[in-house]
Amino acid sequence: MTTSSSFSDTDSFVLSGQTITIAPGTIASAVTVLGGGTLVVSGVANGTRLQGTTAGSAQEIVQSGGTEQNVTVLSGSVQIMSGGLLNTGIALAGGSIALSSGAVADSLVAGSKGAITISSAEVTSVTFTGGTVTVTDARVPVQAVSSGTLVLGSATSVTGLQMGTDGTLILNGGSASGTVISGVSAQEQILAPAGSGGVTDQDFLILDGGSQQVMNGASVENGTVASGGSQTLQNGTSARQVIVASGGIQTVASGATAVNDVVEAGGFVTNDGTLVFEGQSSVAGQISGAGAITQTGSGTTLQFTSGALEHFSGSIALSGGTVIVADGAEASHVQFLFSTSGGESLVLGSVPTSLTLSGFGPNDSVFLSGVTSDTSLSLGSGSQLTLESGGAAVETIFLDSGTDYSNANLTLVENGDGTGATLSFGGAASPHIDTIITSGDVGTVVATDENALIPATSLAINTMVEAGGRLYVDGLGVQNEVHGTDVVDSGGRVVQTSLYGSEEVLAGGSASATSVIGGTQSVLGGTATETTITGRYNANNLGPDMMIDGTQIVGAGGLSSDTTVNVAFAGNTYLPFGQAISDSIQYVENGGTAIDTTLTGLHLGWLYHTTPMWADGYAQQIVMSGGTAIHTTANANAIIDVQAGGSAANIALDGGTLTLEKGALYTGTLTFLPNSDPGQTVYGMSGSHTTQSVLNITMDQLASITIQGFDVIGVVSSMGQTSLYSASGAQTVSTINQIVITDLTFAGTANEIDTGFIDSDGILTVTEGSESVSIHLGGTFGSPFYFQRAPDGGTRITYGVPCYCPGTLITTPDGERPIETLSIGNVIQTASGESRAIRWIGRRSYDGRFAAGNPDILPVVIQAGALGNGLPRRTLRVSPLHAMALDNKLIPASLLINGSSITQTRRPRRVDYIHIELETHDLLLAEGAASETFVDDDSRAMFHNATEYAALYPEDMRQTARFCLPRIEDGPHLEAIRQRLKALAADVMERNRVSGFVDAVTSTTIEGWARCDVASDTPRELIIYSRDIELGRVTADRFREDLTGEGRYSGRHAFRFVCDGPVVADLIHVEDADTGDCLINPASGSLHGHAA
């Protein structure tokens, strides 16, 4: 049992279940708060101790105007609210101190395993003795950290921080500069990129046992890793201009990149990722690993001193410059990659026993120190070059194995000073060909490790290219089957290729009607038309990798048109995680163009035993920076992702998703096509289904786009297997289209739904907080738009149907469905058990300010069980004149109001009504209770979409209204029903009683919890009042561990309401919107009970 009282001189302890308040003007000293107890400070407290016990956690709340002069938290929590003051606070093991926005603290100590959280609060200083301090959107009150952990969240930065022995800095959305990390176990962990964008840490110094770990896409720059220090770059991260000094260690993991490292003598770099050197550079330290090194910049030089590459076994790419390896012997275990642009030089200070070159071509050169004019060249196998002197082999150079250098006229010319010789071209290299296919040949096989050529003007049919084989097409290839690689050169053409391996369509080449079956087609300057891309099923690899995705890459200068992107399905092959379905992807890279691509994924319903499940395969188009996609159609489970710098035009969505990332460009019209369900029912669960269309877009992008087709009202359909006795489960299929404005923050709560209507000029204005955006929509709109919070915090817009709104449940032959998910033509089950189709659905909405005080509009709220026999099963809201069926009579709901179990809403935020019409008047089951359908008794015009009926049924002649049961509005029969329901009311309200507590009221926030024990999974909507003025509404759906009731409840019953202006605690009362129950507020003295 919880008790609440004000502080008195005898209160030296706050025990479990007690809440003691130190009132304004009161001073309390040496109070001990034990487990399960709560101390609320509105006056002054000094010397407080918090000690949790097995009874629970101890808690202290310092409210606005309250002061805690000195508190020690042994275990438990202290919350300093906005306007509260903490002079000195110590958090020890199991203890925590949290400062909310607007709170103030002087001196804090984070003891061993203690935790301090600073959120937009003012703190003078923090001392670490083994604890953790988390700072978000606030000044960092510390310049040095040893024996503790400092966590910086978003909108937080620090300069000149000193990390000492056993000190840890964690950047989780925050940023730093000038950090010094020195001492045993001193470390910096960068868990996320800076929330503000840009570099996460810069100008840092790591030495003497310090370490830095860069993770999850973060970047750093302009730092030094000195003796005893180490830096680790994990996959997806980057570093720029880092000095690796003598004794310093840098580790570049696979997928990581370091740009313009300065590796000094004695420095060590382990490179399994990529090192990029953009200008004149010299590596004096040691590089190991098997990653990549890239030299970029025309005319620049990258030099490796002796020993620098002794332990490196990766590749070095040249791009327009010169690479010098002082000790040529170290080049024997490195692959040197020359670019296609030519003009690159490799200089070796001595002759290695072997050398591997790739892409070596005209205008490239290799200088071999120590080689003289008496050295001869011998070319074997078209690509293996042997240097001989005095009859003995001096060196073997391995050139591209797939290229024939016989006509390259390779020459070796001794330098004038006699210090070495230069290897260069005198002719041109060509593919090394094993087989030249004769024109008209049918069924030629290109075996593994063989190269074949279809010469210009030649035709070859049904050529088979085995895995590892390579086919060059200068002529025409028809109906080839490629498991290896085919290269379509300039002038070459392939038709109806079945591609299981890879295909390269070069500039001047063309491919038409290619079927990519789990392979990869790269359009590298050429053209590809009518390509079909799908995955394939690998029966030899049962498991997660059994499905092989199909891919098309449209590179610079490439053009892909009329491409179809599908996914592959392995039929009745089941995996432990579900059905086996591939993905398929079209990449449009910088300079590439894709026109008229059609994407179709698979949203597959299937039954696991009798449980309905979904399995998904996605068809994707990814438009990268500089790429262009025009007139793509995205069907079910299709995804179009236009990245920053990419552009798209005239996209159509028919169950697919278009995401325009920030910086993406869009022109033309965006069309929402009517989503159709292609499914075929299989054992009560459809096979292939459509999905809703979704547009993710920014406010700036919306300004220049017109959207068509958004006026179609979607539905949520329920699918599943049912039997005569029970339903074994169901899944839903949604065709409710969405527009998500990703950078327009929704101002309401998570479950709040706002409405709006389009202007006569076709512009929908969406306003959230202080920001507004206009959307240009084409179509006929008679129903409201609904605005909700998107999962990422943006604003989600739907039309005609509030998405995922927990509405009234209507009984259908397939089970209960929310009324807002029903549409014309759907079948409902009447109270007599008959299945009948919906003829029309009327919709009307009112702003709460208009509805307030209007009894003809305000909803009647019928509590669960209020009609007897446990009906309705959940709270039911209907319009005042909507009739319920009781004792074979129709009775308007307003005549059943009894002030307790059946009431009328007083102050709604918004009123929405949805009414179902059948061919004739009848009774449906709403939350299990018999309730009338719509009948037109000259009342259709009250619905906002009334004109829709005339458009649907232009020949319909209105008949005199005929009711399915007698309708009564007075008399002894009605009074007998009213008395019967009134007699049930006390028990009904006790069962539906909402309990709760206002835990804290500051000048700007109100926090607490609310729960109905018999319906604990249903979040409660609460109305916040100051005196009798409604401040707003909030949903009690936040999680708190102490509200789980040892596992009986979910714990998602807490709320936090942010006020627009300052409030006074003793004027606040919080009321349940359904029942009118008031929450306990110790400050105002309000107790549980029904609102007057």
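**Notebook: strands, sheets and cores in a predicted model**

I began with strand β12 (residues 95–99), which pairs with β14 in the parallel sense over four bridges. For pairing I used the DSSP rule of at least two bridges between two strands. Strands here are DSSP E runs of at least two residues, helices are H or I runs of at least four, and both are numbered from the N terminus. The model is predicted, so local features need pLDDT of at least 70 and side-chain atom pairs count only at pLDDT 80 or more, while totals for chains, interfaces and linings use all residues. Residues are numbered from 1 along each chain as its sequence is written, and side-chain values use heavy atoms, with hydrogens and water left out.

**Entry: around β14**

A98 has T117 of β14 as its bridge partner. β14 also runs parallel to strand β16 (residues 132–136), joined by five bridges. There T117 has T134 as its bridge partner.

Which β14 side chains are buried? I found I116 and I118 pointing to one face and buried. I took buried as under 20% relative accessible area, exposed as over 50%, and partly exposed as in between, with a 1.4 Å probe and protein chains only. In a regular strand the side chains alternate between the two faces of the sheet.

**Entry: backbone exceptions**

Most residues other than glycine have a negative phi, and most peptide bonds are trans.

S120 has a positive phi of about 55° although it is not a glycine. S120 sits in the loop between β14 and β15 (122–128).

I located D137 in the loop between β16 and β17 (144–145). With a relative accessible area of 43%, D137 is partly exposed.

The cis peptide bond runs from L871 to P872, with omega near -10°. P872 lies in the loop between β112 (860–862) and β113 (876–878).

**Entry: nonpolar cores**

I defined a nonpolar core as a set of buried Ala, Val, Leu, Ile, Met, Phe, Trp, Tyr and Cys residues joined through side-chain atoms within 4.5 Å. The largest has 99 residues. L99, L150, F304 and F336 have the most contacts inside it. Strand β10 (residues 67–80) gives this core its largest share, four residues. Another core, of 62 residues, lies apart from it and includes A452, V494, V567 and Y799.

What does F336 touch beyond its neighbours within four places in sequence? I listed I316, L318, V325, A331, L346, L355, T356, L357 and S358. Contact here means heavy atoms within 4.5 Å.

I followed a seven-strand open sheet in the order β38-β41-β44-β46-β48-β54-β53, with mixed pairing. β38 (281–283) and β53 (411–414) stand at the edges. Each has a single partner strand, so one side of each is left without a neighbour in the sheet. Neighbouring strands of this sheet are turned by 15° against each other on average, direction ignored. The axes behind that angle are lines fitted to C-alpha atoms, for helices over the stretch in contact, and angles run from 0 to 180 degrees between N-to-C directions.

Within this sheet I checked strand β48 (residues 365–369) against strand β54 (residues 420–424). Five bridges join them, and they run antiparallel. L368 stands opposite A421 in β54.

I then took a four-strand open sheet, β120-β121-β125-β124, with antiparallel pairing. Its edge strands, β120 (994–1001) and β124 (1038–1039), each pair on one side only. Seven bridges join β120 to strand β121 (residues 1005–1012) in antiparallel fashion. G996 has A1010 of β121 as its bridge partner.

**Entry: cysteines**

How many disulfides does the structure hold? I found zero, with a disulfide taken as a pair of cysteine sulfur atoms within 2.5 Å. C1012 is buried at a relative accessible area of 2%. C1078 is buried too, at 12% relative accessibility.

**Entry: whole chain**

The protein chain has four helices and 128 strands. Buried residues make up 51% of its 1092 residues. Among contacts between residues at least 6 apart in sequence, 38% join residues at least 24 apart. The chain exposes about 44,000 Å², with 50% supplied by carbon and sulfur atoms. Accessible areas come from the Shrake-Rupley method with a 1.4 Å probe; for residues, only the protein chains shown count as cover.
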